[in-house]
Amino acid sequence: MDISTFYALFSATCFALLGFWWNLLQANPSWLRDPDTRPAVGGVYLALLLPALMGLFAQVGGDATTTVWRVSFVGIAAVGPVATPRGL
């Protein structure tokens, strides 16, 4: 499998799952109001959004401009450890 095909499928899958997550949240709005479940909701959101963005920037950067996806991977990877303990 070509690397660009991999990132296309990976990113599309993550964004599709993120859309399903939004639909599930719309059906259960109490999850966002409850202070006990809100960190878990944000954690799932980030677990889907950050890899999707990494895959998207890998497609944008491509093989020609590797600086785009390398910088974006470092930036997005830095968000994960900062946001995870905070629990959103």
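Author: A residue counts as exposed when its relative accessible area is over 50%. Keep that in mind for this predicted model.

Reader: Okay, so why is Arg 33 called exposed?

Author: Its relative accessible area is 64%, and the cut-off is over 50%, so Arg 33 is exposed. You'll find Arg 33 in helix 2, residues 30-33.

Reader: What makes Phe 6 and Phe 10 a stacked pair?

Author: Start with the total: there are six aromatic pairs here. In this one, the ring centres of Phe 6 and Phe 10 are 5.7 Å apart, with 15 degrees between the planes. Centres have to lie within 6.5 Å and planes under 30 degrees apart, so the pair is stacked. Both residues sit in helix 1 (residues 3-27), four residues apart, which is about one turn of the helix.

Reader: And why does Phe 6 count as partly exposed?

Author: Phe 6 has 36% relative accessibility. Buried needs under 20% and exposed needs over 50%, so Phe 6 lands in between, as partly exposed. Phe 10, at 32%, is partly exposed by that reasoning too.

Reader: How do you know that Trp 69 and Phe 73 are edge-to-face?

Author: Their planes are at 70 degrees and the cut-off is over 60, so the pair is edge-to-face. The ring centres are 5.3 Å apart, and a pair needs them within 6.5 Å. Trp 69 and Phe 73 both belong to helix 4 (residues 66-86), again four residues apart.

Reader: Which residues do ring pairs link into a cluster?

Author: That would be Phe 6, Tyr 7, Phe 10, Trp 69 and Phe 73.

Note on methods:
Residues numbered from 1 in each chain as written. Predicted model: local features only at pLDDT ≥ 70, side-chain atom pairs only at ≥ 80, totals over all residues. Heavy atoms only, no water. Helix = DSSP H or I, 4+ residues; strand = E, 2+ residues; numbered from the N terminus. Buried < 20%, exposed > 50% of the residue type's maximum accessible area, 1.4 Å probe, protein only.
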